[in-house]
Amino acid sequence: MRVTHRMIVDTVLSGLNNNLRRLEDLQRQVSSGRRLNRPSDDPPAVERALTYRATLSAGEQYLRNIDAARAWLQASDTALASATEALQRARELAVQGSNDTLGLDQQQAIATEVDQLLAQMVALGNSTLRGQYLFAGHRTQTAPFTLNQGPPTTVTYNGDGGAMLREIDAGVTLQINTPGNSFLPTVVTALINLRDHLRAGDTAAVRNDLPALDAAADTLLAVRADFGAKLNRLDAAEAQRQALQADTTAQLSKIEDTDYGEAITQLTTAELAYKAGLQAGARAMQSNLFDYLR
Amino acid sequence: MTTSTFFGLDLALRALQTQQRGLDTTNHNVANANTKGFSRQSVVMEPTTPFMLPALNRQQQAGQLGTGVIAVTIERARDIFLDVQYRIQDGLQHQAQMAQQALEQIEVVLNEPSDHGLSAQLGAFFNAWQELANDPASAGARGSLLQAAAALTAGFNRAAQQLSALQTDLNSQVQARVTEINDLANQIVSLNKQVVQAEAVGQRANDFRDQRDLALDRLAEIVPITVNENADGSLTVLLGGQALVQGNTADPLVTTPTGPNGFWEVRFSSNSAPVSPTAGELRGLLDARDQTVASYLSGLDSVASSLITAVNGLHTTGYGQDGVSGRAFFTGTGAATIALDPSVAGNPQAIAAASAPNAPGDNSIALAIAQLRQSMSPAPEDAFGALMARLGQESKAAQDLATNQGALVQLLDRRRQEVSGVSLDEEAVQMLRYQKAYEAAARLLTAYDQMLDRLINATGIVGR
């Protein structure tokens, strides 16, 4: 085989070029901290990286959805906790008012307090979170309950039965609202009857109101139990999602980020190879026969 | 018959001239050691016709007297079979490079994986619908959604526009390559003429042939060619079976705009026969323009159009805060044209989050659109991810092919260099050889000179 000097120069150059390209690639990985910069860097890894990124992006949103749902349910639960307290006070008043020994003005005083509880109950039914009525179904911009003093006193529901769903996990939705017409009219009607019976001084009727008040309290408790169960579901979904996010972040970093230990070792090797190539090249190109002819 | 008195002088002169020719050729080789396409040359020396020297006692010749040397011709060291192999592989290498460069540019345009690419924008778009679903009456959520949607449409538009620009660029490269093919064809024609002229008088047109081979090397990088040498030394160059160059004439290629994009189509000018090369840069460019880039454009289009259809399908059934229904969310049909519907753009109240009028808390449409992220088949992010996976695989395969093909071409080039390259060591030896032979011939001339001096000036002085 004939070997010419140009062949040596070409070989040296292409070898140096390969080494330099490898060096540049490793230096970019180390300086940018990223192993994947374009799809061809590692096609299967890039596809997984995109899936993980989509999972993380959706996951962050589910966590925000869970926060929003929790805020709504907590506000609803707080409102109904106050309603339960008000109802307990009304029951105490009913027990007092059912005592036959009470004078008429004492009964009237109790009736006035029940009337205030009634107004409070309607106000609680019109509770809002950041300007949205909690118990109005979909008609969140309209106060759902109006009390018509009458006589006879009635309560009207201006909302609808609309369900508000929030997606708390991929394809998993949770209804966060309970339209007020499913529980509040029972409670309000019980209070209206109690007040009217107290005003009329009808102690027997007041006594008979107690079961209705208990039934109303049970209704509220059932709704609150539902809220509690849903809040628990949110907590569980959140914990699960947070674990998944942490896991996915770790996986993504594993395939997208530079493994410094490995990259720096490779970088050192590549530098060594490049320098060795330079030395060998310089030596090979140094001389030919003409140098030795005198 | 005896030899002439001055026979030795003539012989020495031929020797001097011939060795000098050898030294000149060595000089030429050294001078062109780094010239691209140069093949080392060598002087073919032959003894000149010998004299028949009759014997004293018989008619027949007693022996032949050598009359010296002559330089018959100057040859170039070239293996035309290696040229054929080299050109085929080099054409494939350049085709692979074109494919690789186009795919690399597509990767740059689509810029994945990143926090700012289309996949991130798709995610942000669906998240904005989720935010609206969380708070359907919120002006802030509506405004954010419009921004996320505008960023997404701009992302699609920009990608489509840049891919189209890449196609246009590839198209102008097709034009440039056709111009180059015609230039090379003309060069080959004029070199054909020079070779024929030089060789008609019995010379070898080595340097013209080298130049012509260099032009063929470049031509074969652009299109696959078949080269046939005619008896007079001129070449016929066939491209896809039709003559691009035939001796003294070239049949230049022309480009005509065709198809909906008005992209160049390449034809022969003589009979308008279409040119469809099977390899080379031109094939690489045509494939990149008509297939590779086009397929990623249509991939983006299909992601965009299915998103438009799905989102609009839900949005038109919903109600804006103003109680109006039937509005589209997007207009357009693909990645290049996707835009916010004018009835929605700049009008956040028109976004239909609700499935009924006067239901400010109703998020059912917003939620259904947000859930398209998973419920669409294929999900937009998955479809885009699959497109990126295909891009990565194709690009990687093209890089590998270009690298492997490059190694093969390098190997064949080395084999050509083994035959044709100038070795300085070899030339140094040749230089010594010719120099010493020249010196020896000069010494012989001196010997003859002294002989003649003896004969003319020192002989026959007896009568003086």
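Me: How far apart are the centres of domain 1 and domain 2 of chain B?
Reply: The centres of domain 1 of chain B and domain 2 of chain B, taken over C-alpha atoms, are separated by 64 Å. Domain 1 covers 7–77 + 421–458 and domain 2 covers 85–410, with bounds that come from an automatic or database domain assignment. The model is a predicted one, in which local features need pLDDT of at least 70 and side-chain atom pairs count only at pLDDT 80 or more, while totals for chains, interfaces and linings use all residues. Residues are numbered from 1 along each chain as its sequence is written, and chains are lettered from A and ligands numbered from 1 in the order in which they are written.

Me: How many residues of the two domains of chain B are in contact?
Reply: Nine residues of domain 1 of chain B are in contact with eight residues of domain 2 of chain B, where contact requires C-beta atoms, placed from the backbone, to lie within 7 Å. On the domain 1 side, strand E4 (residues 69–76) of chain B provides the largest share, four residues; strands (E, at least two residues) and helices (H or I, at least four) are DSSP runs, numbered from the N terminus.

Me: Why is helix H4 of chain A called roughly antiparallel to helix H5 of chain A?
Reply: Helix H4 (residues 184–200) and helix H5 (residues 203–256) of chain A pack at an angle of about 160°, with their axes 9 Å apart. Axes are lines fitted to C-alpha atoms, for helices over the stretch in contact, and angles run from 0 to 180 degrees between N-to-C directions. Angles under 35 degrees count as roughly parallel, over 145 as roughly antiparallel, 65 to 115 as roughly perpendicular and the rest as oblique, so the angle of about 160° makes H4(A) roughly antiparallel to H5(A).

Me: What makes strand E5 and strand E8 of chain B stand at the edges of their sheet?
Reply: Four strands of chain B form an open sheet in the order E5-E6-E7-E8, with antiparallel pairing. Strand E5 (226–229) and strand E8 (249–250) each have a single partner strand, so one side of each is left without a neighbour in the sheet.

Note on methods. Pairing = 2+ DSSP bridges.
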